[in-house]
Amino acid sequence: MTSPARQHRQAILAEEMSKPSTSPRPVAGAELLWAQLAEHKRLLKQIQSHQQRNEKKAELMAEWHGHIDAVLQADGGQDDRVMSQMLPWCFDVGDYTRGLAVGHYLLRHRLPPPEGFARDLPALFAELCADAALKEPSALDAEALQGVVDAVADADMVDEIRAKLYRALGEALQESDPSAAIDWLNRAIDYNPKVGAKATLAKLTKSTPPA
């Protein structure tokens, strides 16, 4: 659990990092944050078990909540490698509300993906959201997924990722709006026939009268 004093320091630093600057040097204290992030990554790299690594990651992320929330509130858009790294980590530990907020923040300010990821930010965000929703349908509802679809609509990405995102949205809509669900599932199949949407589409098509 992060102490109130640490949260206060993180909030002050996040505010400073969010201010426009003409200096190429990072603000005082940013190097300490980056060093802490590097240490956390080193600790996680030593754990071979995927499950145990995510458990440790959730523990470590409690130290970053103050920074994340302060940066989101300041909404300054300065390049911040901590925020970039928090995107996949939020999804890894099931903190989907923060993950969505971080993803939209990074997209809105055109910030880079975390170090070591081959995908650019829109593709990474789309895939994280799609994978989370397909694995755990309660993770992201249709409204959240529609927001992601809209946010990456103009981005260039491989068809397989967009297909997964459309499939996730279609499946999320199958109870509340079957006609819209059919539309999104068809779009998913158009982008990738092997996306895994055909069974759900066939079921919906059979049970939903034509508009």
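1. Tyr166, Trp184 and Tyr191 form a cluster linked by ring pairs. Rings of Phe, Tyr and Trp (its six-membered ring) pair if their centres lie within 6.5 Å; planes under 30 degrees apart count as stacked, over 60 as edge-to-face and the rest as tilted. The structure holds 3 aromatic pairs. In one of them, the ring centres of Tyr166 and Tyr191 are 5.7 Å apart with planes at 80°, so this pair is edge-to-face.

2. This is a predicted model: local features need pLDDT of at least 70, side-chain atom pairs count only at pLDDT 80 or more, and totals for chains, interfaces and linings use all residues. Residues are numbered from 1 along each chain as its sequence is written, and side-chain values use heavy atoms, with hydrogens and water left out.

3. Tyr166 counts as buried at 10% relative accessibility, whereas Tyr191 is partly exposed at 36%. Buried means under 20% relative accessible area, exposed over 50%, partly exposed in between (1.4 Å probe, protein chains only).

4. The charged end of Arg187 sits over the ring of Trp184, 4.2 Å from its centre. Likewise, the charged end of Arg81 sits over the ring of Trp34, at 3.8 Å from the ring centre. The criterion is NZ of Lys or CZ of Arg within 6 Å of the ring centre and within 35 degrees of the ring normal.

5. Residues of α7 that meet α9 include Ala123, Ala126 and Glu127, and those on the α9 side include Ile161, Lys164 and Leu165. Contact means heavy atoms within 4.5 Å. Helices (H or I, at least four residues) are DSSP runs, numbered from the N terminus.

Methods:
Helix = DSSP H or I, 4+ residues; strand = E, 2+ residues; numbered from the N terminus.
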